[in-house]
Amino acid sequence: MMQGAIGMTFEKASARGLVYRRQDGSLLTYYDGILEHFTAALATAETAARHREAMLGDFLEFRRSAVREGEQGPVREYLLAPGDDPRKRNGSRGCS
């Protein structure tokens with residue numbers, strides 16, 4: 001996502017095994033979950049392909065606006081020196 005990719009999460013109920021009985025009595029199977037998730041992934045890819053020109057245009061404008069903002073702001077660049085990891089100072093392991 002840092003380089004302009006699209007990040008998405010699909011949320012889907014899971015059978016947590018092979019079959020799950022819902023409160024309404026219907027059954028959710030592991031196969032159903034796989035099929036629905038796969039169908040959603042294909043629909044997303046198809047929709048992205050269909051709207052690729054608009055998506056690429058949005059991406060280009062986003063990048064151009066970032067350059068414009070960078071040209072106007074006080075910070076021009078950041079330097080991350082090799083071996084200068086504050087998590088490793090004083091024997092600290094930092095957050096993990």
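A helix here is a DSSP run of H or I covering at least four residues, numbered from the N terminus. Keep that in mind as we zoom in on this predicted model.

**Figure 1. Overview of the predicted chain and its secondary structure.** Welcome to the whole molecule before the close-ups. Two helices and two strands make up the secondary structure of the protein chain. Going along the sequence, the order is β-β-α-α. The chain has 96 residues, and 3% of them count as buried.

Figure 2. Take a moment with Y30, which sits in helix α1, a run spanning residues 30–50. Its relative accessibility is 48%, so Y30 counts as partly exposed; the label "exposed" would need a value over 50%.

**Figure 3. The salt bridge between E46 and R50 in helix α1.** Side chains of opposite charge can pair when their charged atoms come close. In this view, the side chains of E46 and R50 meet with an N to O distance of 2.6 Å. Both residues belong to helix α1 and lie four residues apart, about one turn of the helix.

**Figure 4. The salt bridge between E61 and R68.** A search of the whole structure turns up two salt bridges, and here is the one that joins the side chains of E61 and R68. The N to O distance in this pair is 2.6 Å. E61 has a relative accessible area of 38%, so this residue is partly exposed. R68 is also partly exposed, with a value of 39%.

**Figure 5. The largest pocket and the residues that line it.** Rolling a probe the size of a water molecule over the atoms shows where empty space is left. The largest pocket holds about 150 Å³ of space. Its lining consists of A66, V67, G70, E71, V75, R76, E77 and Y78.

Note on methods:
Residues are numbered from 1 along each chain as its sequence is written. This is a predicted model: local features need pLDDT of at least 70, side-chain atom pairs count only at pLDDT 80 or more; totals for chains, interfaces and linings use all residues. Side-chain values use heavy atoms; hydrogens and water are left out. On a 1 Å grid over the protein atoms alone, a cavity is a set of points where a 1.4 Å probe fits but cannot get out, and a pocket is an open set with protein on both sides within 12 Å along at least five of seven lines; lining residues have an atom within 4 Å of a point. Grid points are joined across faces, edges and corners, and a volume is the space filled by probe spheres set on the points. Buried means under 20% relative accessible area, exposed over 50%, partly exposed in between (1.4 Å probe, protein chains only). A salt bridge is a side-chain nitrogen of Lys or Arg within 4 Å of a carboxyl oxygen of Asp or Glu.
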